[in-house]
Structure formats: structure tokens, C-alpha cells
Amino acid sequence: MSEQHIGHGSHHSGHADHSAHAGAQPGGLSVAQDGYTVELDSAILPAGVQTIGFTVVGADGRAVTEFVAEHEKELHFIAVRRDTAGFQHVHPVRDEKGHWTVELDLQPGDWRFFTDIHPAGHDGTITLGIDAAVGGAYAPQPLPEETGVAVLGEKGEYSVALAGELRPGVASELTLTVSRDGGPVTDLQPYLAAYGHLVALRVGDLGYLHVHPEGAPGDGVTAAGPGISFMAVAPTAGTYRLFLDFQHEGVVRTAEFTVRTVSESAHHAGHEAHAGHHGQHGQHGQHGQHAEHGHHGHH
């Protein structure tokens, strides 16, 4: 996957370069980009667990067979129904002729498939998107409410809390904190060279934004939980669906969120109100600080 700080889909240049993503457009809105096209063996599929096939075709009309691995994989494949249900992040297998196959669990409805790739010789990662129709009685689901907490696991033992604001055109930090049975999870396992992978999809057109966390396992700085932090830039105002993949005790789990962007004016108003609150209590606050320091002085 691209390294991303919401806004992948165009290019990336390194884990430390946040500015490169500030003006990036979402990927996956087009079936073709930079001379590359994704082609499905069939765009009409039956419901249930299915093996689907596809190729990535280059400008020369031939299937691409050479890719630069990103986060340990040559191609990352995201499948999601148009109503944002059924999210799956999987890794297809390629044969020597450039034909890919992958197994998906498909429910009836209109689906969007994304291929996140870095073709050899290309200057970065691109995301191609293509529609598929799955036959059967389609029961579209309403957009889940914006709660800030995802509960998952067979018995609801895991919870993931989302903190931070998603802001259009401005980099901001999102932190997802993983708990199990009410306690912090501090032994997350590396999954595809990271403690977490975050995909964001813009509601309405499924513009694809692929995000990766700050830091990496084994860098001597990044903790194995409970918090996973990401730098994010929403390309536009709107509503987004976030999908966090993380691995714990050998199982990869996905936490889902609905997030609405916070406007610049609302962001500043919130900070001004916060600052005003502190200003009103400035003397008391200073007194409290002195008292606190005095209290600590006794220890």
C-alpha cells in the first residue's frame, strides 16, 4: 500500500514527507491512470464466496508483470460495496503472465474494487478502481452513525476509539486506540510492516485515501499499542468511512468508523473557545499550578 497520509492515490515519496500529500487527490475514481488500466475477467458476479480474476494492463496493451512491493505486497486489493458495507482488504496472487486471482465474500449489490500498485518503472503508487455488479436481492444499508468507537470481536471484546479531527486540505493527526476487555492492548503485531493500516473512502463517490501510521515496528520509537497514529489530509469537506486493519494474537481485525470533516472555521472556533475558557480562569489556573508545584515539592 502506499505510504499515504490520506491523500495517497496520486504518489508518495517517503514516510517523513507529509507535505507531498497535502494537495493530493483521492485515488480509485478512475479505471485508468498514467497509462495503466485494471480489467476484470467479469464485471458481473454471483453472490457468495467467489474467486475473481483481473489484470493490470500497461500502455503497451500487455499485462503488467513487474511491480515494486509496497508494505510487503506487490498489489493491495480493496473491495467494498457502494453503500460502504462488506469492506475487505486482501492480497491477490499473480501468475507469470500478469493475471491475478483473489477470493472475496460478495453480497448482492454494486461493488467497487481498488488495486493499489506501484508498477516497475513508474514514479510512485497509483490506485485504480473498477465497478462490479453482484447478482441477487440487494438490501442497501444506511450509513452507520458517527460514534467514534468501534466494537468488534466475536464477543465484542475489542474496542477501538478514534481521536482527532479530519480536516479538508490540512494535515491533522488521527489516533486509534485499541482496547480488549476494557484494558489497553500493548502487544499489537506487525501486519504488512505496520501496526495498523487505515483506508478512508469518501462517501458519495468512494474516493480512495490510503493512510499509514506514523512510525514503524522495530524503529525503537513506535509502541505496539494501544495507540496507532496517522497523519491525515482529507481532500475535500464531507463524510468519510474509515477502515482500520490491525493484528492481535494472530488475527487481523477491521474496525469501521464514520467521520465528518471539521471545517477550518469550526476548528478555530473550538480552539478560541478553549483558549477563552483558560483565559477566564487564568489567575486561578496560575494559583492552581503553584499549589500543584508546592504539593509535589513535599514528595
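## Residue Q88 in a predicted model

Q88 is buried, with a relative accessible area of 15%; here buried means under 20% relative accessible area, exposed over 50%, and partly exposed in between, computed with a 1.4 Å probe on protein chains only. Q88 belongs to strand β6. Strands are DSSP runs of E with at least two residues, helices are runs of H or I with at least four residues, and both are numbered from the N terminus. This is a predicted model, in which local features need pLDDT of at least 70 and side-chain atom pairs count only at pLDDT 80 or more, while totals for chains, interfaces and linings use all residues. Residues are numbered from 1 along each chain as its sequence is written, and side-chain values use heavy atoms, with hydrogens and water left out.

The side chain of Q88 reaches the backbone oxygen of D105 at 2.8 Å. This is a polar contact, defined as a pair of N or O atoms within 3.5 Å; within protein, one atom must be able to donate a hydrogen and the other to accept it, and residues adjacent in sequence count only if both atoms are side-chain atoms. When neighbours within four places in sequence are set aside, Q88 is in contact with F77, I78, A79, L104, D105 and W111, where contact means heavy atoms within 4.5 Å.

## The five-strand sheet

Strand β6 is part of an open sheet of five strands, ordered β3-β10-β9-β5-β6, with mixed pairing. Two strands pair if DSSP finds at least two bridges between them. The edges are formed by β3 (44-45) and β6 (88-90), each of which pairs on one side only. Strands β5 and β6 run antiparallel and are joined by three bridges; across this pairing, F77 stands opposite V90 in β6.

F77 also takes part in an aromatic cluster, in which ring pairs link F54, F67, F77, W100 and F113. Rings of Phe, Tyr and Trp (its six-membered ring) pair if their centres lie within 6.5 Å; planes under 30 degrees apart count as stacked, over 60 as edge-to-face and the rest as tilted. The count comes to seven aromatic pairs by this rule.

## The four-strand sheet

A further open sheet has four strands in the order β16-β15-β18-β19, with antiparallel pairing. Strands β16 (207-211) and β19 stand at its edges with a single partner strand each, so one side of each is left without a neighbour in the sheet. On average, neighbouring strands of this sheet are turned by 20° against each other, direction ignored. The axes are lines fitted to C-alpha atoms, for helices over the stretch in contact, and angles run from 0 to 180 degrees between N-to-C directions.

Ten bridges join the antiparallel strands β18 and β19. Facing positions include Q247 opposite V252 in β19 and R241 opposite T258 in β19. The hairpin of β18 and β19 has two residues between the strands, and E249 takes a positive phi near 50° there.

## Salt bridges

Side chains of opposite charge can pair when their charged atoms come close. A search of the whole structure finds eight salt bridges, each being a side-chain nitrogen of Lys or Arg within 4 Å of a carboxyl oxygen of Asp or Glu. One of them joins the side chains of R94 and E74 at 3.0 Å, N to O. This pair links distant parts of the chain, 20 residues apart: R94 is in strand β7 (residues 93-94), and E74 is in the loop between β4 (48-57) and β5 (75-81). R94 counts as partly exposed at 26% relative accessibility, and E74 counts as partly exposed at 26%.

In another salt bridge, the closest N and O atoms of R112 and D131 are 3.0 Å apart. R112 lies in strand β9 (residues 109-117) and D131 in strand β10 (residues 126-134), so this pair ties together parts that are 19 residues apart in sequence. R112 is buried, at 9% relative accessible area, whereas D131 is partly exposed, at 37%. The side chains of R241 and E256 also form a salt bridge (2.8 Å, N to O). Because R241 lies in strand β18 (residues 239-248) and E256 in strand β19 (residues 251-260), the pair ties together parts 15 residues apart in sequence. R241 is buried, with a relative accessible area of 3%, and E256 counts as partly exposed at 35% relative accessibility. Salt bridges that share partners join R82, R112 and D131 into one network.
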